Structures are given as C-alpha cells and as structure tokens.
Amino acid sequence: MPETRRGRRTSRARAALAAAAPAAALLLAAAPAAAQRKLNEKLALRPDGFVRIHNLAGSVKVTGWDRDTVAVTGVVYEPANGEWVIGGSAEGVKMSAWSSNPGSAVQPTQLDVRVPRNAQVWIKTASADIAVSEFSGSLDVNSVTGRITVSGSPREVFAETMGGALEVDASTRALRARTASGDIRIRGAIREVTATTVSGSLTIEGDHFERGTFESVDSDIHYFGNVGRTSVLDFQNHGGAIEFHLPASASAEFAITTYAGGFDDQFGVRANVLAGKLKGQEVNFALGNGGGQVTVLSFKGRVTLRRKG
Amino acid sequence: MSDHVSDEQLEELAAGTLAADARAAAERHLSGCEACRAQAASLRTLLADLSALRGPILPARDLRPDIWRAIDQADAGPADSRGLEWPRRAEHTRFRSRGWLAAAAVLLVAVTSVLTWQVASRRGAPESVTLPLAAEYGAAAARYVAATTELEQFLDERRADLSQETVQILDESLRVIDRALAEAKEAIDADPGNTNLSRMLMATYEKKLGLLRSAAQGQAGI
C-alpha cells in the first residue's frame with residue numbers, strides 16, 4: 001500500500017533525524033585534528049549563474065568581477081572526514097566548509113571568492129563574517145552570529161544575522177534585513193526596504209528610500225536625512241525610541257501613534273492631536289509642503305523629531 | 001525494494017531540482033510504480049502546503065511578504081536552481097537531504113498548526129485566543145500563537161544541537177519579545193478593541209515568529 005510505504009519513509013526519516021545528531025557528535029569527537037589547506041580554485045560560471053557558499057567559522061568575502069569565472073582563494077581547515085566541498089558546472093557552483101554539527105568548535109576558514117558580477121549568490125554561515133562588494137546580482141546571506149556587510153549595487157538583498165551586526169551601503173531595488181540582537185545600519189538608495197530587529201539598534205541614513213518598513217521591539221531607531229517626495233515610510237517600535245534627524249527643509253506628512261510613549265519635536269509643528277475614546281495619542285501633521293508619507297506606531301518608546309541645521 | 005526511486009531523488013523531483021537525466025529516469029519508474037507515485041504526490045502536496053504558508057498571517061491591510069520564504073527557498077538558493085548537477089553528488093545530496101528533512105520537520109509542525117486552526121474555524125469553533133482583540137486580528141493572533149508555540153517546542157527539543165551563542169541570543173531575544181507581548185496584552189485587556197494595540201501585538205508576534213524561524217534554520221544548517 002502506498003500509505004504503508006509513505007509511513008515507513010516518514011518514520012525512517014524521523015528516525016534518521018533523531019539518530020543523526022548524536023552520531024555526528026561522536027564522529028566529530030573522534031575525528032583527528034583538522035588539516036589546513038590553501039585554496040586556489042577556478043570554475044567557469046555563466047554570468048547569471050548560481051553560487052552557494054557555506055562556511056561555519058572564519059570569513060567569507062565575495063567580490064563581483066567581469067569574468068565568467070568563480071575564483072576561490074583562502075585557507076580552509078578540512079576535517080579528516082572531509083567536510084570541504086567545491087564543485088559545479090557553468091550553471092552553478094557550490095562550496096561548503098561545514099560540519100554536521102554546527103555547534104561544534106571548528107577552525108576558521110577564510111574564503112575570498114570572486115564571482116561574476118551578475119551572479120545569484122547564496123551564503124550561509126554560523127559565526128563567519130560575510131562581506132560582499134562590487135556586486136550587482138541577487139544576494140541571499142544568512143548568518144547566526146557573523147557580521148554582514150554589503151556594498152555595491154546588488155539587484156536585491158536578503159540579509160539576516162541573529163547576533164551579528166548588519167551593514168548595507170548599497171543601491172538596490174529591494175532589501176530585507178533582519179537581526180535579533182545585532183545592530184543594523186542602512187545607507188544608500190533602495191526602492192523597497194524592510195529592516196527588523198529585536199534589540200539591535202537600527203540606523204537609517206539617506207533620503208532615497210521609496211518604500212520602507214523599519215521595526216524594532218526594544219531598541220532605538222534613528223532616521224537621518226530627508227524624506228523623499230514620493231516615499232512611504234513606516235516605523236514601528238515597542239519599547240525603544242524613534243528619532244528623526246531631519247533637515248530644516250524637510251517636507252513630509254507624518255501620522256504618529258503612541259500608546260504610552262510621547263512625542264517631542266524641534267520643528268514647532270502644528271500637530272492635529274486626534275481625540276478619541278482610545279488611550280494613547282495620535283498626532284498628524286505636515287512639515288513643509290508635505291509630500292512623503294511617514295507613519296509611526298510606538299507602544300511606549302518616545303518619538304522625537306530633531307531638526308538639523 | 002532497492003529499485004525504487006530513492007527518498008532523496010523523490011524529494012528533489014518534487015522540488016524540481018532533480019537533474020534532467022535523473023528526472024527522466026525517475027519519471028519512467030513512477031509511471032509503473034504506484035508506491036513511488038504516491039510518495040511523490042505526497043511530497044508535492046507538502047510543497048503546495050508550504051507555498052500556501054507564504055501568505056501573510058496578518059490581515060490584508062498589513063500585508064507582509066515571505067514569512068516562510070527563507071525556509072521555502074532553503075535549498076533552492078536565491079532563485080530557481082533546477083537542473084544543477086554537482087560533481088560530488090553524494091556529498092551534496094547528504095548535505096542537502098539533511099537540511100531538507102530538518103526544514104520539513106520545522107514546517108510540518110507549522111503546517112499542522114495552521115491547518116488545525118483552519119479546521120476549527122470551519123467548524124465554527126471559538127478562537128482560542130481570549131484577548132479582547134479588535135475582531136479582525138483574533139484569527140491572526142491564534143495562528144501566531146500556534147505557530148510560535150510549536151516552533152519553540154521544536155527548538156527546545158533540539159537545544160543541545162544549538163551553539164551556546166545561538167542559545168544565548170535566542171533566549172535573550174525571546175525574553176525581550178515575550179515581555180513586549182505581555183505588556184501589549186495587558187494594555188489590550190485594559191483597552192479592549194484598541195486597533196492600534198492589536199496591530200502592535202501582531203507586529204511583535206511577527207518578530208517572534210521571524211526569530212524562531214531564523215533559529216530553526218540555523219539549527220537545520222540551511
């Protein structure tokens with residue numbers, strides 16, 4: 001019966017999962033010391049091919065160039081049971097310095113990778129830092145505690161690190177940035193951006209964000225710059241402050257809602273405080289001639305408009 | 001039987017990532033093997049369920065994309081990677097399969113939560129969330145509670161496999177989020193029907209879900 005086969009397979013898979021972790025731990029414990037190996041590898045890749053990089057610890061530096069080649073240099077510590085993998089075709093290249101137990105102590109592997117500028121790059125690390133530059137393709141980077149830095153003009157960026165800092169200084173059509181405790185800093189010209197953190201600070205600089213969502217739970221959000229005439233920006237925070245550092249010439253419409261926070265401004269705005277049955281405070285106003293739209297939702301963090309210049 | 005299509009190949013077939021020649025061979029086998037055909041169909045159903053989860057939990061006006069995108073794409077990379085052939089196939093498959101199974105395990109519990117909630121709704125059962133939320137948010141809150149609870153259980157069971165740093169960050173972040181949730185719930189209790197408070201609560205649940213998903217991905221090595 002098909003159901004029987006499916007059930008057997010599911011059971012096998014679950015049993016394999018349950019058995020894998022302790023077995024892997026035993027293997028690693030028994031493994032000899034890692035061997036160092038210098039890398040100098042080149043693989044052909046089409047201009048928009050796929051590149052997948054896994055590295056547990058150390059660093060990953062990715063730089064775009066105008067060649068249809070992936071070039072890898074660096075130093076890898078390869079365990080005796082063979083965890084370093086590199087290979088692929090003109091369609092895609094994969095390299096992996098990983099362990100079956102990401103929580104285990106490993107020697108740092110340094111990867112310096114050149115990729116075709118318009119490739120599609122996917123990077124995953126545990127504690128290894130990630131730096132991407134001079135790159136115009138799509139980028140998906142993910143780390144547990146590594147620092148992530150992205151510059152250049154990637155087509156789109158998905159970047160996530162739980163504990164590391166995340167810094168993007170780029171021109172891109174879409175950015176999604178997320179951390180748990182890591183600080184986020186965003187600069188550049190980005191058509192659509194979503195940045196979310198739990199307790200890391202969130203700093204946004206520039207006035208070239210068409211649509212933006214900036215969120216935190218318990219840390220401060222700082223926005224430096226003007227608000228574009230057609231920008232639609234949304235800020236949410238629970239416990240942290242939200243501060244706007246705006247030029248005197250700022251021109252935008254604001255809708256600010258706080259529950260137990262409060263609102264300060266250095267512009268002397270003529271705020272329309274919405275009365276209502278609901279607790280909290282809703283304040284709507286326009287700076288200059290209006291234009292861009294800014295929506296703020298805060299539970300108990302203070303919202304402040306600071307005037308620069 | 002040994003001449004059946006392997007689990008790994010069936011997974012890749014369902015995901016559309018099986019190389020062309022292997023795919024042709026697998027499809028030939030499936031045409032004459034009811035058991036493998038059924039297994040392939042169930043895997044495709046699973047993927048369809050996962051795709052359905054891409055929709056937002058929040059009400060339409062708060063549309064947020066890709067709650068599960070990262071897990072959905074866990075093995076596909078930033079875009080479609082079908083047809084790729086890796087020279088060290090065994091190594092790649094071992095890695096890939098482990099990641100897939102772990103991700104599927106995470107997702108299965110989430111799918112179960114969502115489906116359970118949907119069945120309950122069709123039966124007209126009352127919401128399990130007892131907060132006096134604005135009506136449009138009640139269903140979303142129930143889904144968040146179910147999904148985050150099961151992901152927390154998933155991670156609790158695998159805590160020993162997580163790095164110490166991951167555990168510290170996760171625990172501290174969950175403390176921050178749970179404190180915020182408690183404050184928002186207390187405020188809602190005192191101010192029933194406050195739509196803004198409901199939105200704040202949902203936004204915080206969203207962050208908790210994102211955090212747990214990230215940790216689960218990290219645990220799965222994907």
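This is a predicted model: local features need pLDDT of at least 70, side-chain atom pairs count only at pLDDT 80 or more; totals for chains, interfaces and linings use all residues.
Biologist: Thanks! What does the secondary structure of chain A come to?

Modeller: Chain A has one helix and 24 strands. Two strands pair if DSSP finds at least two bridges between them. Strand 3 (residues 58–65) of chain A pairs in the parallel sense with strand 7 (residues 109–116) of chain A, over eight bridges. There, A:Thr63 stands opposite A:Arg114. Strand 3 of chain A also runs parallel to strand 9 (residues 129–135) of chain A, joined by five bridges, and A:Lys61 faces A:Ala131 in strand 9 of chain A.

Biologist: How many of the residues of chain A count as buried?

Modeller: A residue is buried if 20 or more other C-beta atoms, placed from the backbone, lie within 10 Å of its own, exposed if 12 or fewer, and partly exposed in between. Of the 309 residues of chain A, 49% are buried.

Biologist: Why does B:Arg213 count as buried?

Modeller: Because B:Arg213 has 23 C-beta neighbours inside 10 Å. B:Arg213 belongs to helix 8 of chain B, and its C-alpha atom is 9.4 Å from that of B:Glu152, 61 residues apart along the chain.

Biologist: Which residues touch the most other members of the largest nonpolar core?

Modeller: A nonpolar core is a set of buried Ala, Val, Leu, Ile, Met, Phe, Trp, Tyr and Cys residues joined through C-beta atoms within 7 Å. Here the largest has 108 residues, and A:Ala159, A:Val168, B:Ala184 and B:Leu201 touch the most other members. Its largest share, 11 residues, comes from helix 8 (residues 195–220) of chain B. A second, separate core of eight residues includes B:Leu13 and B:Cys36.

Biologist: Where in chain B is confidence lowest, and where highest?

Modeller: The score to read is pLDDT, the predictor's confidence in each residue, from 0 to 100. Chain B averages 64, with 51% of the residues scoring at least 70. Confidence in chain B is lowest in helix 4 (residues 69–72), at a mean of 36, and highest in helix 7 (residues 164–190), at 91. For the complex, the predictor gives an ipTM of 0.81 and a pTM of 0.71.

Methods. Residues are numbered from 1 along each chain as its sequence is written. Chains are lettered from A and ligands numbered from 1 in the order in which they are written. Helices (H or I, at least four residues) and strands (E, at least two) are DSSP runs, numbered from the N terminus.
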